[in-house]
Structure formats: structure tokens, C-alpha cells
Amino acid sequence: MTSLTMKARPDRSDKTGRPDESGARTRRLVARTVVGVLLGLYGLVSVYPFLWMVSAAFKDQIEVVRGGHLIPDDPTFDTLVDTWNKLHFFDFFLNSLLVTAYTVVLTLVIYAAAGYAFAVLRFPGRGALQKLFVSLLFVPGITVMLPIVLLENKLGILGTHFGLVLPFVNGGAPLSVLLMTGAFLAVPGELRDSARVDGASELRIFTSVYLPLARPALITVALLTAIPTWNEFLLTRVSLNDPSTYTLPLGLQYLSAENVPHYNNLMAGALIVVIPVILLFLSLQRYFVNGLVGAVKG
């Protein structure tokens, strides 16, 4: 009886004597499918507001208020043209470009040098100072806004573009130093030793050896600095009073200050603001990913 029972049991081993893996493969496939579906739903929910903004930018006011399909029934460029004229896009664009460019350049110059010092040079208090920079990542920017405004008022730079650039550069310090330090740590030390043997100064080693090898990290820092600077609204709203100095996000308040808000114009203005950021990120996406990976490995 026992012998018959044993023979009746199905053989769960293949010809090599290993257990059948079809069940495990099926479970992995089901798990991956479930995770993929959940991630797809999450991505759809996340991107839907952006799609709605793009859709509303090509609708008239009546169609936006009425609701309806995401795809416009009668797409029109009149909303974008009208918003372009109302927003004084060119003036605000130049202001945003000026503030962003100064912020990115100063951030790269200052924190690339700081990252090189932390990664390569040896000086007293290096470890404690580096930990201090990293700890600043956990300080919310809103908590230091009032001291910044009061300090800039005493210095006489409140209401100027320079008064925006300095806080933006300071706010990007923790993450920029962390990324640049990791990128420079990934550079083999033998390159620096060889350059020293050839008589290169520390500045020459930094500019000719380390900076070219850290280009992905530099582009990553530039992107992480440019995007929030371009989109910043709160600090610019508190600091700037002269409309001639307004940046693009602040210029959008002209559209929302109307007695009857035109949501199609608001969405068109928001689309105009985000298009340069999207194009910048898409054009540098490859370097951005490589910069993050290189900094983590370092």
C-alpha cells in the first residue's frame, strides 16, 4: 500500500533531479505584474494634473469651465497667444534666465571647489564640517526665510535679483557639496599623484583633471539648482516689489488677479513656465542619471 502511494505522488523534479521551478516562476511573474500595474496606476494619477494643464491651455474658457474630455473638442492656439501677451513673457523670461544663470554659475564654482576640498584635501575639522553640510539637508527652507529677508533688508539688497541669487546659492549647498564630494572621491588618486609629479599645481589638478571627469556630477548639480530656482515663487514674492524685476512664476499672479479667473489662461501661463525646464531636463537626462550614479558610488 505504501509502495503504491509513493508511486502515485507526482514527480516534482526535472531530469537533472532539481525541483521544478515553474511554480516559482509563475509567482514571480504574478508579483511583477501586480507591481507593474500599481506603478502604472500611480504614474497615471501623478501625471494626470499635468495632462489636464496641457489640455486646458488649448481650450477656451467656456470649455474649461464646462469640463468634458481631456482632449480638447476644438483645440486653439489663441489661449497661448493671448497669455503670452498678457504675461509679458519676454521681460519675465529674461529676469528668470538672469537669476537662474547667476545661481547656477555661482553654485558650480563654489561647491565644486568645496567638494574637491572635502574629497581630496586634508585639513583640520574636515569631517565635522562635511557632516554639518549634510545635516543642513534636514532644515526646511521656510524656517530661514524671515531671517534672510531681514538680513537682506539691512544689507540693502532686498528687492533685487542679487538678493534672490544669494539665498538660492546658499540653499543648494548641502546637496551640491554631497554630490560633488562623491564624484571627486570616485576619481582615482593616482591621477592626482601623476599630475603632481609633472609639476601641476593644486588649481591645475582641480581644473584640468578632476573637473572634466566630474562632468556628469556638474550637470546634475546644475539641473538640481536650475529647476527649483526657475520655479521658485514664495521667496520671490516676499523679496520683489517692482514688477519690472518679476520672474515668470511671479508674473503668473497677473493672470490670477483678474476679477473672473480665466483658468485656460492660467494653465497656458503655467505651461509656458514649465516648458523650458522640461526641455532642459530632457536634453541633459543622460548626464543627470550618470551624475547621480557616480556620486552614489563615490
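Mentor: Start with one term. A residue is exposed when its relative accessible area is over 50%, and buried when that area is under 20%. Anything in between is partly exposed. Keep in mind that this is a predicted model.

Now the salt bridges. How many does the structure hold? There are 3. Take arginine 66 and aspartate 73. These two residues form a salt bridge, and their closest N and O atoms are 3.8 Å apart. The limit for a salt bridge is 4 Å, so a distance of 3.8 Å passes. Arginine 66 and aspartate 73 are both exposed.

Next, go to arginine 192 and glutamate 202. Their side chains meet in a salt bridge at 3.0 Å, N to O. This pair links distant parts of the chain: arginine 192 sits in helix α10 (residues 189-197), glutamate 202 sits in helix α11, and 10 residues separate them. Is arginine 192 buried or exposed? Arginine 192 has 18% relative accessibility, so it counts as buried. The limit is under 20%. Glutamate 202 is at 25%, so this residue counts as partly exposed.

Glutamate 202 has another partner. The side chain of arginine 196 meets the side chain of glutamate 202 in a salt bridge at 3.1 Å, N to O. Arginine 196 has 43% relative accessibility and therefore counts as partly exposed.

A pair of aromatic rings is described by two things, the distance of the centres and the angle of the planes. In this model the count is 9 aromatic pairs. One of them is tyrosine 116 with tyrosine 210, at 5.1 Å centre to centre and with 80° between the planes. Why is that pair called edge-to-face? Because 80° is over 60 degrees, the cut-off for that label. The pair also links distant parts of the chain, with tyrosine 116 in helix α5 (residues 89-119) and tyrosine 210 in helix α11 (residues 202-213), 94 residues apart. Tyrosine 116 is at 4% relative accessibility, so it counts as buried. Tyrosine 210 is at 2%, so it counts as buried too.

Now a second pair. The rings of phenylalanine 118 and phenylalanine 123 have centres 6.1 Å apart and planes at 40°, so this pair is tilted. Phenylalanine 118 is buried, at 4% relative accessible area. Phenylalanine 123 is partly exposed, at 32%. Ring pairs link Tyr116 and Tyr210 with Phe184 and Phe206 into a cluster.

Helices can meet as well. The axes of helix α4 (residues 78-87) and helix α16 (residues 263-283) come within 9 Å and cross at roughly 75°. The two helices are therefore roughly perpendicular to each other. Which residues meet there? On the α4 side they are Thr79, Leu80, Asp82, Thr83, Trp84, Lys86 and Leu87. On the α16 side they are Asn264, Asn265, Ala268, Gly269, Leu271 and Ile272. The residues of this contact divide into 6 nonpolar, 5 polar and 2 charged.

Pick out asparagine 265, which lies in helix α16. With 4% relative accessibility, asparagine 265 counts as buried. Set aside its neighbours within four places in sequence. Asparagine 265 is then in contact with Thr79, Asp82, Thr83, Lys86 and Leu255. Glutamine 61 is 204 residues away along the chain, but its C-alpha atom and that of asparagine 265 are separated by 8.1 Å.

Compare a loop residue. Glutamate 232 lies in the loop between α12 (215-231) and α13 (234-239). At 22% relative accessibility, glutamate 232 counts as partly exposed. Again leave aside neighbours within four places in sequence. Glutamate 232 is then in contact with Phe168, Thr247 and Pro249. Proline 249 is 17 residues from glutamate 232 in sequence, and their C-alpha atoms are 6.9 Å apart.

Step back to the whole chain. The secondary structure comes to 17 helices and 0 strands. Of the 298 residues, 35% count as buried. Residues 24 or more positions apart account for 71% of them.

Conventions
Residues numbered from 1 in each chain as written. Predicted model: local features only at pLDDT ≥ 70, side-chain atom pairs only at ≥ 80, totals over all residues. Heavy atoms only, no water. Phe/Tyr/Trp six-rings, centres within 6.5 Å; stacked < 30°, edge-to-face > 60°. Helix = DSSP H or I, 4+ residues; strand = E, 2+ residues; numbered from the N terminus. Buried < 20%, exposed > 50% of the residue type's maximum accessible area, 1.4 Å probe, protein only. Axes fitted to C-alpha atoms, helices over the stretch in contact; angles between N-to-C directions. Parallel < 35°, antiparallel > 145°, perpendicular 65-115°, else oblique. Contact = heavy atoms within 4.5 Å. Nonpolar A, V, L, I, M, F, W, Y, C, P; charged D, E, K, R; others polar.
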